[in-house]
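Subject: Structure handover

Dear colleague,

Here is the structure you asked for. My notes on it follow below.

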Amino acid sequence: MSSPVKIIVVGAGNRGENYSDYARIFPDRMQVVGVADPREFVRVKLQTQHNIAGHNSFKDWRCIAAREKFADAVLICTPDRLHKEPAVALAKKGYHVLLEKPMAVTEEDCTEIVQAVIQSNVMFAVCHVLRYDPIIHKIKLLLDSGVIGDTVHIQHLEPVGYFHFAHSFVRGNWRNEAESSFALLAKSCHDLDLIHHWAAGRRCIKVSSFGSLCHFTKENKPKGAASRCLDCPVEAGCAYSAKKIYLDRVKRGVVGWPVSVICRESLPDIECVTEALRTGPYGRCVYECDNDVCSNQVVNMEFEGGLTAAFTMVAFTKEICNRKTTIYGSKGELSCDGHEISVFDFLTNETTKHHADLTAPGNFAKGGHGIADFHLIHSFISALKEKDPSLIRSGPMETLISHKLVFEAERSRLENRIVFCESSCEDHL
Ligand SMILES: NC(=O)c1ccc[n+]([C@@H]2O[C@H](COP(=O)([O-])OP(=O)(O)OC[C@H]3O[C@@H](n4cnc5c(N)ncnc54)[C@H](O)[C@@H]3O)[C@@H](O)[C@H]2O)c1
């Protein structure tokens with residue numbers, strides 16, 4: 001395809017705007033020609049940024065499904081519970097689909113999406129951004145090259161970050177399972193996907209999991225604390241104070257995430273952040289929210305051939321999402337701190353360091369998982385331009401298998417038992 005890939009953004013919030021930036025950097029590769037979002041502020045913002053014609057701007061994704069196909073692909077970046085319907089309907093309409101994770105919030109819906117994309121013969125990528133992170137991708141290349149011999153055990157830690165957890169999983173969009181999804185799906189589907197990816201085609205046979213919500217409960221509310229941080233007499237002694245997380249940042253001129261997402265209808269400034277803390281969800285006391293998702297969870301897995309894996313997700317960390325991984329093999333040990341990889345060779349007793357190019361263009365360079373986001377959207381656009389689905393590292397079947405592993409792990413936690421995994425996803429399509 002020599003002309004730019006034409007894209008429609010479904011859900012122009014944080015993630016939708018983020019991926020759309022690719023078109024501003026590479027207008028010859030991608031063009032945003034349509035948008036759907038009920039929020040006028042974000043919809044008009046995206047419309048202006050990309051010069052989208054008024055007749056291609058909608059309040060709801062259903063308007064796109066009702067129209068003749070007018071683009072090559074859709075980026076579906078709606079909230080977790082609004083993934084299945086647009087993904088199925090727009091795939092059936094012939095759009096290639098980039099879908100935010102989690103694919104959907106039930107196994108049945110995940111399967112239905114995969115059936116729809118396969119039957120419609122469209123390209124499909126799920127935003128498992130970690131697969132596209134250059135340093136994490138390097139781990140996969142090293143494992144495949146055999147540097148540590150046969151992989152025997154994978155130990156993987158996801159430190160969520162104390163204020164990130166308070167922002168997203170106590171006060172924010174992913175706090176309540178009925179409104180979004182359980183924490184292992186919302187936060188750690190990336191990690192179980194990676195473990196499955198590193199297992200290199202070996203099927204997970206059985207899984208067990210434990211976890212619960214600790215600390216962010218009514219019983220732990222400090223004596224004398226108010227319901228909102230702006231009114232709280234003991235706020236100064238609270239690490240999770242909304243004043244510290246949002247107001248102090250905006251006062252220092254720091255307006256990126258998480259400040260950027262709390263003013264829903266305007267750009268963040270001191271007035272709108274103060275108003276959001278006074279009236280909105282992000283100003284609530286963390287001990288008095290309607291949150292119910294786990295703050296810490298472990299998952300143990302056994303794969304074919306005896307490979308074992310141990311995964312930990314924990315809220316109470318200094319690091320924010322910077323995963324720590326150690327992989328033990330028959331010939332050596334590989335560890336990654338998120339920045340560099342060390343491989344210790346049992347034969348030579350030598351450690352070799354490996355690095356990756358961690359640069360990205362434009363706003364993608366700004367930190368967080370911008371670099372991985374860049375490689376993800378770049379791969380998706382390249383796959384479409386070159387008509388080569390192999391450029392997508394998170395396609396339908398591998399994503400369905402790793403999502404099923406997440407549901408099986410959660411079943412183990414809830415039912416307090418070892419879960420024996422399904423024999424094959426293909427059988428269920
Ligand atoms: N891949 C990752 O690492 C990653 C990171 C963060 C979030 N996410 C996922 O991305 C998705 C979006 O998250 P976000 O942070 O951008 O949320 P957001 O709230 O900023 O954006 C979601 C947007 O969808 C819009 N929307 C709601 N109903 C709609 C409809 N009927 N039609 C069109 N648009 C509609 C909302 O108005 C909102 O603007 C979520 O599923 C989330 O879990 C993935």
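How many bridges join β7 to β11, and do they run parallel or antiparallel? Six bridges join these two strands, and they run antiparallel.

Before the rest, some ground rules. This is a predicted model, in which local features need pLDDT of at least 70 and side-chain atom pairs count only at pLDDT 80 or more, while totals for chains, interfaces and linings use all residues. Residues are numbered from 1 along each chain as its sequence is written. Helices (H or I, at least four residues) and strands (E, at least two) are DSSP runs, numbered from the N terminus. Two strands count as paired if DSSP finds at least two bridges between them.

Domains

The chain is divided into domain 1 (5-122), domain 2 (130-216 + 292-428) and domain 3 (218-283); these bounds come from an automatic or database domain assignment. The C-alpha centres of domain 1 and domain 2 lie 25 Å apart. Between these two, 25 residues of domain 1 are in contact with 24 residues of domain 2, contact meaning that the C-beta atoms, placed from the backbone, lie within 7 Å. On the side of domain 1 that touches domain 2, α1, β5 (96-99) and α5 (107-120) each supply at least two residues. The largest share of that side, six residues, comes from α5. By class, this side of domain 1 has 15 nonpolar, three polar and seven charged residues. In this count Ala, Val, Leu, Ile, Met, Phe, Trp, Tyr, Cys and Pro are nonpolar, Asp, Glu, Lys and Arg are charged, and the others, Gly among them, are polar.

UniProt, in an unreviewed entry, places the feature "domain: Gfo/Idh/MocA-like oxidoreductase N-terminal" at residues 6-127. That span is 43% helix and 20% strand, with its end C-alpha atoms 19 Å apart. The feature "domain: Gfo/Idh/MocA-like oxidoreductase C-terminal" is placed by UniProt (unreviewed entry) at residues 142-361. Here the chain is 22% helix and 25% strand, and the end C-alpha atoms are 26 Å apart. UniProt positions are given in the numbering used here, feature names are shortened, and annotations may be inferred rather than shown by experiment.

The six-stranded sheet

Six strands form an open sheet with parallel pairing, in the order β3-β2-β1-β4-β5-β6. β3 (57-58) and β6 (124-126) are at the edges with a single partner strand each, so one side of each is left without a neighbour in the sheet. Three bridges pair β5 with β6 in the parallel sense, and Leu 98 has Ala 125 in β6 as its bridge partner. Helix α4 (residues 84-92) packs on this sheet, where it touches β1 (5-10), β4 (73-76) and β5, and its direction makes about 165° with that of β5. Axes are lines fitted to C-alpha atoms, for helices over the stretch in contact, and angles run from 0 to 180 degrees between N-to-C directions.

The nine-stranded sheet

The strands β7 and β11 from the opening question belong to an open sheet of nine strands with mixed pairing, in the order β14-β13-β12-β11-β7-β10-β9-β8-β15. The edges are β14 (350-354) and β15 (419-420), each with a single partner strand, so one side of each is left without a neighbour in the sheet.

In the pairing with β11, Ile 154 has Ile 327 as its bridge partner. β7 is also joined to β10 (residues 308-314), by seven bridges and in parallel; there His 153 stands opposite Thr 308.

Five bridges join β12 to β13, which run antiparallel, and Leu 334 stands opposite Val 343 in β13. These two strands form a hairpin with four residues between them, and Gly 338 in the turn has a positive phi of about 95°. β13 (residues 341-345) also pairs with β14, in the antiparallel sense over five bridges. In that pairing Val 343 stands opposite Thr 352, and Phe 344 opposite Thr 351. The hairpin of β13 and β14 has four residues between the strands, and Asn 349 takes a positive phi near 65°.

Helix α6 (residues 134-145) lies across β7 (151-159), β11 (324-329), β12 (332-336), β13 and β14, and runs at about 20° to β13. Helix α13 (residues 396-415) packs on the sheet as well, touching β8 (204-212), β9 (296-303) and β15; its direction makes about 55° with that of β8.

The ligand

Around the ligand there are 26 residues, the closest being Gly 11, Gly 13, Asn 14, Arg 15 and Glu 100. By class, the shell has 13 nonpolar, six polar and seven charged residues.

Regards

Note on methods
A residue is near a molecule or strand if its C-beta atom, placed from the backbone, lies within 6 Å of it.
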